[in-house]
Amino acid sequence: MTETGRSDAGPLPGERQDDAAPPGRQPAAAAPLRAGLHAAVLLCLATALVHVGAVFLHVAPPNPVSKRYSRQVDAWVYPLFEQNWRLFAPNPDNVNRQVLARTAHTASDGSTRVSRWIDLTALDRAAVEHDPFPSHTAQNLLRRAWASYVDTHGEDDTARSSRAVMMQKYLANITADRVAGQHRGPFEFIQLRVITLPIAAPGTATGHRPPTPVENRLLPWWKVSPHGR
């Protein structure tokens with residue numbers, strides 16, 4: 001009786017020897033892909049560990065490690081990964097701040113035109129009033145930018161660090177974009193005035209008189225990128 005099937009002499013007619021890789025071996029092209037995948041995974045893990053470590057040092061109480069690497073930690077955390085723990089330890093404001101801005105444009109004949117004051121806080125308030133899903137940027141962008149500016153500049157409007165310079169540019173860019181959105185004409189300079197008003201305690205009879213400002217702060221003129229035409 002003759003046994004039919006594949007013999008040990010070679011492949012059957014029409015079958016190619018390299019149709020399948022031998023067991024335990026993979027095509028040569030798969031090795032670089034696998035190595036690249038492993039490298040990408042390791043890079044993601046390393047970045048995640050660095051990020052978690054930097055944020056931990058940022059929010060942890062001052063210690064020798066955080067003091068030694070404070071510059072590197074701040075460079076990593078600011079401005080995108082800043083942490084704020086007020087959700088767990090709230091410190092609500094006891095004042096209202098009204099941020100106003102005006103612009104200046106120098107014409108070709110050398111004359112300077114200064115705009116009237118624009119109430120940016122009122123514009124933000126109008127953007128969220130009666131809105132069931134108000135924008136987070138409309139509510140907090142300008143307020144947080146001003147708070148960060150005060151934290152880095154104090155009361156004399158002098159930038160003493162690279163972060164202070166960054167926060168000044170950040171605040172100037174935000175206010176310039178807000179003003180430009182109102183189509184107020186071309187300008188290259190902007191100036192801010194921040195009026196701080198006290199919040200009356202609950203149950204206090206305020207009458208019809210407006211509250212007396214506790215601070216009326218006028219900032220210097222800042223040069224910004226030209227806006228408008």
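**Surface and strands**

Modeller: Leu-37 sits in helix 1 (residues 30-59). Helices (H or I, at least four residues) and strands (E, at least two) are DSSP runs, numbered from the N terminus. This is a predicted model: local features need pLDDT of at least 70, side-chain atom pairs count only at pLDDT 80 or more, and totals for chains, interfaces and linings use all residues. Residues are numbered from 1 along each chain as its sequence is written, and side-chain values use heavy atoms, with hydrogens and water left out.

Colleague: Is Leu-37 buried or exposed?

Modeller: Exposed, with a relative accessible area of 53%. Buried means under 20%, exposed over 50%, partly exposed in between (1.4 Å probe, protein chains only).

Colleague: Which residues make the nonpolar surface patch?

Modeller: Leu-37, Val-41, Leu-42 and Leu-45, about 400 Å². Patches take residues with over 30% relative accessible area and no salt bridge, joining nonpolar side chains (Val, Leu, Ile, Met, Phe, Trp, Tyr) within 5 Å and like charges within 9 Å. A salt bridge is a side-chain nitrogen of Lys or Arg within 4 Å of a carboxyl oxygen of Asp or Glu. Areas are Shrake-Rupley, 1.4 Å probe, with only the protein chains shown as cover for residues.

Colleague: Strands now. How many bridges join strand 1 to strand 4?

Modeller: 10, antiparallel, between residues 95-106 and 187-198. Pairing needs at least two DSSP bridges. Thr-103 faces Ile-190 in strand 4.

Colleague: And what about strand 2?

Modeller: 3 bridges to strand 1, antiparallel. His-105 partners Arg-113 there. The two strands form a hairpin with 5 residues between them, and Gly-110 in the turn has a positive phi of about 95 degrees.
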